[in-house]
Structure formats: C-alpha cells, structure tokens
Amino acid sequence: MQDNQVHHNFEAIRKKIERTCNRWDRKPDEINLVAVSKKQNDDRINAALTCGHRLFGENRVQEATERWSARKARYPELRIHLIGPLQTNKVRDAVALFDCIETIDRPKLADAVAKEVRKQGKTLPCFIQVNTGDEDQKSGVRISDLDALVDYAVNGSGLDITGLMCIPPVDEPPGMHFALLASHARRLGLKELSMGMSGDFEKAIAAGATYIRVGSAIFGARESR
Ligand SMILES: *Cc1c(COP(=O)(O)O)cnc(C)c1O
C-alpha cells in the first residue's frame, strides 16, 4: 500500500465519522480515532505520521516498544494505547511506553500497574476491559465482577480509571455489546468508551464510543510477523 492510500483511507474514515456523528447528534471531535498499527510495516506507519496522525494502538508491549520508543522521542505529542492483554512481567515496559492502558481486567494487574505508575512518576489513564460476551477464551472482566473491579482499581490500587473497553464476540451483532458497555459506563460514571473496529465503528459511535480502534481500514491487511 502506498502513502497516498493510507492518506485516502484516513480521509474516508474521517468522512464516515462525520456522517455518523451528524446522524446521531454527536460531535466529531468527541471521537478519538486510535490507528491500530500492530503488524504494520514502517512505510505505512510513516505515512500515517506524515498525515499528521498521532494516536495509535498496539496489542503487544515488546512490538510496540520497538516501533514507537524512538518515534516518541521525535514526536512528543504521540499517544500510544495498549489494547491487548498485559502480563504482570511486562508492566514496567508498558507503563514506560503507553499513554493509556485499555486492558485492565483483574485486581492483580491493577495493583501492578498502579505501583509502577507511582514508581515512574507518571499519570496514566486506564480503561477496564469488559468481557461483554461472557466468553471463556476472552480476556476482560466479566460483567458480574465489573463493579468490584472498578471499585478495587480506583479505591484499592489507586489507578486513574477513566473508561471501559470491549471486543464483542466475532459471531454476534456488535450493537448490543456496545449498548451494554455504554450503559455500564454511564452507571459507573466513567466518561470514555473504547469500542468499534474497522467493520463496526459506525455502530460504536451510534452507541456512544469516544475511542474507536481502527486498523485494517486505515493500513490495509496486517503482515504476519
Ligand atoms: C487488531 C485490533 C483492532 C483493529 O482491528 P481492525 O479490524 O483491523 O480494525 C481493534 N481492537 C483490538 C483490541 C485489536 O486487537
């Protein structure tokens, strides 16, 4: 894919965001577009930077560190979100690199991240990942344990929890999962909602998303690396 293809894709997505916001009486600047750069090559990453894009998502700590740590020194306004599962032995590197961890899903991880945030003297907003489909294989806290985890992460660990994130089951219509996540965020007084990917971000915006995570619709198919 060429530079101008990435540019073209950004434009097309911006237009879709605008159109969807108009339709649902939302403002386009409420929608943060997280460009999911995992497994994409340098040409595509650089094309996105050339377009002026500064908000990216990654699902693996080490891959993200390789891709972004030098670029962060060059572009101080870059913000990188962790959108994949986090093991406690990677917490130090994750806290050092990321500007938001979207995948807090258990008390032990909340404690480990909070401790490291204090140690590194950072401010680091985090989201709780919710397993809205109650799937055995999927990370994320179950709905039945959500309130206890939010309470623990905020009042026990001392994390700055600002939102919820979900990845709906692949074989179900995503709209009901987005609505469910939005209703819990409202009830818990959490402002941010990370939901919606290339195939369903318009539905997520309709349901109240403030962060959409879009990879292939911007960069094209991922390389297996
Ligand atoms: C890879 C990934 C995305 C992006 O998926 P696309 O379908 O390429 O837009 C979004 N969210 C998470 C958690 C991902 O792992």
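Leaving out residues up to four places away in sequence, Q129 touches E102, T103, I104, D105, S139, G140, V141, M165 and I167, where contact means heavy atoms within 4.5 Å. The model is a predicted one, in which local features need pLDDT of at least 70 and side-chain atom pairs count only at pLDDT 80 or more, while totals for chains, interfaces and linings use all residues. Residues are numbered from 1 along each chain as its sequence is written, and side-chain values use heavy atoms, with hydrogens and water left out.

Q129 belongs to strand β5, residues 125-131; helices (H or I, at least four residues) and strands (E, at least two) are DSSP runs numbered from the N terminus. With a relative accessible area of 2%, Q129 is buried. Here buried means under 20% relative accessible area, exposed means over 50%, and partly exposed lies in between (1.4 Å probe, protein chains only).

One of the contacts of Q129 is S139, a residue in the loop between β5 and β6 (141-142). S139 is partly exposed, at a relative accessible area of 24%. Apart from its neighbours within four places in sequence, S139 is in contact with P85, D105, Q129 and N131. Between S139 and R222 there are 83 residues in sequence and 22 Å in space, C-alpha to C-alpha.

K39 and G215 are 176 residues apart in sequence, yet their C-alpha atoms are 9.8 Å apart in space.

The helices come next. Two packed helices are described by the angle between their axes and the distance between the axes. Helix α5 (residues 107-120) packs with helix α6 (residues 143-157) at an angle of about 30°, their axes being 10 Å apart. Axes are lines fitted to C-alpha atoms, for helices over the stretch in contact, and angles run from 0 to 180 degrees between N-to-C directions. The two helices, α5 and α6, are therefore roughly parallel to each other, since angles under 35 degrees count as roughly parallel, over 145 as roughly antiparallel, 65 to 115 as roughly perpendicular and the rest as oblique. Their contact is formed by P107, A110, D111, A114 and R118 of α5 together with L149, Y152, A153 and S157 of α6. By class, the contact of α5 with α6 has 6 nonpolar, 1 polar and 2 charged residues; Ala, Val, Leu, Ile, Met, Phe, Trp, Tyr, Cys and Pro count as nonpolar, Asp, Glu, Lys and Arg as charged, and the others, Gly among them, as polar.

Helix α6 also meets helix α7 (residues 175-188): the axes come within 12 Å and cross at roughly 30°. Consequently, α6 and α7 are roughly parallel to each other. On the α6 side the contact involves I143, L146, D147 and V150, and on the α7 side L180, H184, R187 and L188. This contact of α6 with α7 has 5 nonpolar, 1 polar and 2 charged residues.

Finally, the cysteines. The structure holds 0 disulfides, a disulfide being a pair of cysteine sulfur atoms within 2.5 Å. For C21, the closest cysteine sulfur is that of C166, at 18 Å, which is too far for a bond. C21 has 0% relative accessibility and so counts as buried. The sulfur of C100 is 6.3 Å from its closest cysteine sulfur, in C126, again too far for a bond. C100 is buried as well, with a relative accessible area of 2%.
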